[in-house]
Amino acid sequence: MTQTILYARVSTVDQNLDHQLSQATAAGFVIDDVVSDHGVSGVSVPLAERPNGRRLFDKLRRGDTLVVRWVDRLGRNYQDVTDTIRHFMRQGVVVKTVINGLTFDGATRDPMQEAVRDALIAFMAATAQAQAEATKEAQKAGIADAKAKTDRVRYPGKKPSYNRDKLDMVRDMLSTGSGTSEIAKAAKVSRQTVLRIKGDPAAAEAALARWGM
């Protein structure tokens, strides 16, 4: 009997995993089981070395489906992500993403289809790593900006209408080319909030830092 497993990951202790399951369910996936890692970096810790991520390698069988919000949940390192997806495909596991509805299936033997599939895997993995690097720089800039403003004034400004989970979701979807309205609906924020985050990610990070969010 085949199963559909959702793998969810958040990298900080103040993030919440629940919205990843809610997103998958809203997208029409019927999830049989959830495997999750909380407070684990997708950059420095490969999937096979995470407390629960490594369970997937024993748990998934031929014909099963692995669902992730996006490929960056598997990791934010190009080599790790590409190796992981290809490993599961060789095992007969289908990997699907909630965002953009991508499917990575190892069943095809047509060389052109394989080439297109492998190119897409490489592109998505590279995007995940590039986004992680950009996020890190934005966080550094945001924290520095927040510290500078805190040193000048005590009032932290208007409280953001988003939290860490929502900010990460907005940035994830922006990196995949999703539209403003689609992102706003998924993250439950206004279109103006999405546009502000898109226009100045460092300022978005600074606002969270000033409020300790």
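This is a predicted model: local features need pLDDT of at least 70, side-chain atom pairs count only at pLDDT 80 or more; totals for chains, interfaces and linings use all residues.
Biologist: What pattern does the protein chain follow along the sequence?
Modeller: Read along the sequence, it goes β-α-β-α-β-α-β-β-α-α-α-α-α. That makes eight helices and five strands in the protein chain. Helices here are DSSP runs of H or I with at least four residues, strands are runs of E with at least two, and both are numbered from the N terminus.

Biologist: OK. How much of the protein chain counts as buried?
Modeller: 44% of its 213 residues. Buried means under 20% relative accessible area, exposed is over 50%, and partly exposed is in between, with a 1.4 Å probe and protein chains only.

Biologist: Let's switch to Q20. Where is Q20 found?
Modeller: In helix α1, residues 18-26.

Biologist: Why does Q20 count as buried?
Modeller: Because its relative accessibility is 1%.

Biologist: Which residues does Q20 touch?
Modeller: Leaving out residues up to four places away in sequence, Q20 touches L6, Y7, A8, R9, V10, R69 and R73. A contact means heavy atoms within 4.5 Å.

Biologist: What lies 3.0 Å from a polar atom of the Q20 side chain?
Modeller: The backbone oxygen of R9.

Biologist: Now charges. How many salt bridges are there?
Modeller: The count is four, taking a salt bridge as a side-chain nitrogen of Lys or Arg within 4 Å of a carboxyl oxygen of Asp or Glu.

Biologist: What does K59 form a salt bridge with?
Modeller: With D33, the closest N and O atoms being 3.0 Å apart. That pair links distant parts of the chain: K59 is in helix α2 (residues 55-59) and D33 in strand β2 (residues 33-38), 26 residues apart.

Biologist: Why is K59 called partly exposed?
Modeller: Because its relative accessible area is 25%. D33 is partly exposed too, at 24% relative accessibility.

Biologist: Which residues are linked in a network of salt bridges?
Modeller: D72, R73 and R76. In the D72 and R73 bridge the closest N and O atoms are 3.2 Å apart, and for D72 with R76 the closest N and O atoms are 3.1 Å apart.

Biologist: Are those buried or exposed?
Modeller: R73 and D72 are buried, and so is R76.

Technical notes: Residues are numbered from 1 along each chain as its sequence is written. Side-chain values use heavy atoms; hydrogens and water are left out. A polar contact is a pair of N or O atoms within 3.5 Å; within protein, one must be able to donate a hydrogen and the other to accept it, and residues adjacent in sequence count only if both atoms are side-chain atoms.
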